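This briefing sets out the strand sheets, the helices packed on them and the ligand surroundings of the structure shown below.

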Amino acid sequence: MAAADGVVTSAAQQAKVIDGKAISAEIRLELAEQVKQLQQTCGKVPGLAVVLVGTRGDSETYVRSKRKACEEVGIASYATDLPEDVCEDDLLQVVAQYNADPNVHGILVQLPLPGHINERRILDAISIDKDVDGFHPANIGALAMRGRTPLFVSCTPKGCVELLERSGVQISGKRAVVIGRSNIVGTPAALLLQQRDATVTVVHSRTRDAASIVAEADIVIAAMGKPESVRGSWIKAGAAVIDVGTNPVPDATKKRGYRLVGDVAFHEAAAHASHITPVPGGVGPMTITMLLSNTVDSAKRALHAS
Ligand SMILES: Nc1nc(=O)c2c([nH]1)NC[C@@H]1CN(c3ccc(C(=O)N[C@@H](CCC(=O)O)C(=O)O)cc3)C=[N+]21
Ligand SMILES: [Mg+2]
């Protein structure tokens, strides 16, 4: 059977594949337009500082795509690359400099940091009005409170909700299950869905019988970082499935020696779901696009206030 996008799929596949790359491209065009407007009205462009510590291959790849994405929409990117053995105080100094720099509207310190550095201490030092990752406790705390609006919502959860909304999936009143409770994805994703009036359950590594809980979900967000572990039998007919996982698995046929798979067994789940995101090409590109969006928002706030 040939699906609408021309990709040959198995006869069992029901789901519409959500194209995160295409939706990202659309949003990036909107952002480029907003950057142009800012430049015309204020004579300034948004600036994003990206700080990379060490030489992890995956971190280098992600940081490169973030810097390239900035260029695409006209955001100025500021790069600081530090050696693996940098001390905490030197890293804090870099953050302090960017906090004070009026040309910088967003600061991203690429995670994970080396083991000798207290990650929380670094993230907490980022000024809350430049916290484009949305990892500061003040921003996550505001997301958890009714009647409060955080300055920034973390990029991956925001990207997940944007994919649902732009694909016509209703969130309000629906039952959503988030798998994983990390500070950077699972927890803020659950808070954001709750803010959008979903009824939210979080399942995690200690949950008993996760499969039967997931089976009640209209919306599934898989963010536990375990390759292809959400099986087709867990997915209720017609559910929307958002796969946050990007797990490398060894593959000698690939140039870089691995390929990426999600946390969901894609083909199995696609036989039950109404909508599903692929890996790669689903949530990943949206994470970067939401980072750009947060940076543009931050610049608008800073430049219009001055
Ligand atoms: N301070 C901080 N903020 C982050 O947002 C952050 C971080 N640290 N550390 C690592 C994780 C991971 N992450 C991804 C971003 C884009 C893709 C992405 O674009 N993935 C492509 C594929 C990329 C490839 O082929 O390697 C895709 O899914 O299509 C994936 C993962 C952001 N993170
Ligand atoms: Mg977890």
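Three strands form an open sheet in the order β3-β2-β4, and their pairing is parallel. The edge strands are β3 (76–82) and β4, each of which pairs on one side only. Neighbouring strands of this sheet are turned by 15° against each other on average, direction ignored. The model is predicted: local features need pLDDT of at least 70, side-chain atom pairs count only at pLDDT 80 or more, and totals for chains, interfaces and linings use all residues. Residues are numbered from 1 along each chain as its sequence is written, while chains are lettered from A and ligands numbered from 1 in the order in which they are written.

- Strand β2 (residues 47–53) is joined to β3 by seven bridges, and the two run parallel; strands count as paired if DSSP finds at least two bridges between them.
- Valine 50 has alanine 79 in β3 as its bridge partner.
- Helix α2 lies across β2 and β3 and runs at about 170° to β2; helices (H or I, at least four residues) and strands (E, at least two) are DSSP runs, numbered from the N terminus.
- Helix α3 (residues 88–100) packs on the sheet, touching β2, β3 and β4, and its direction makes about 175° with that of β2.
- Contact requires C-beta atoms, placed from the backbone, to lie within 7 Å; axes are lines fitted to C-alpha atoms, for helices over the stretch in contact, with angles from 0 to 180 degrees between N-to-C directions.

**Six-stranded sheet**
- A further open sheet has six strands in the order β1-β11-β8-β7-β5-β6, with parallel pairing.
- Because β1 (16–17) and β6 (199–203) stand at the edges with a single partner strand each, one side of each is left without a neighbour in the sheet.
- Strands β7 (residues 219–222) and β8 (residues 240–243) run parallel and are joined by four bridges; valine 220 stands opposite valine 241 in β8.
- Helix α7 (residues 186–195) lies across β5 (175–179), β6 and β7, at about 165° to β6.

- Of the 18 residues around ligand 1, Leu111, Pro280, Gly281, Gly284 and Thr287 come nearest; a residue is near if its C-beta atom, placed from the backbone, lies within 6 Å of the molecule.
- The elements giving two or more residues to this shell are α2 (57–73), β4 (106–109) and α10 (283–305).
- Helix α10 supplies the largest share, four residues.

Conventions. Contact = placed C-beta atoms within 7 Å.
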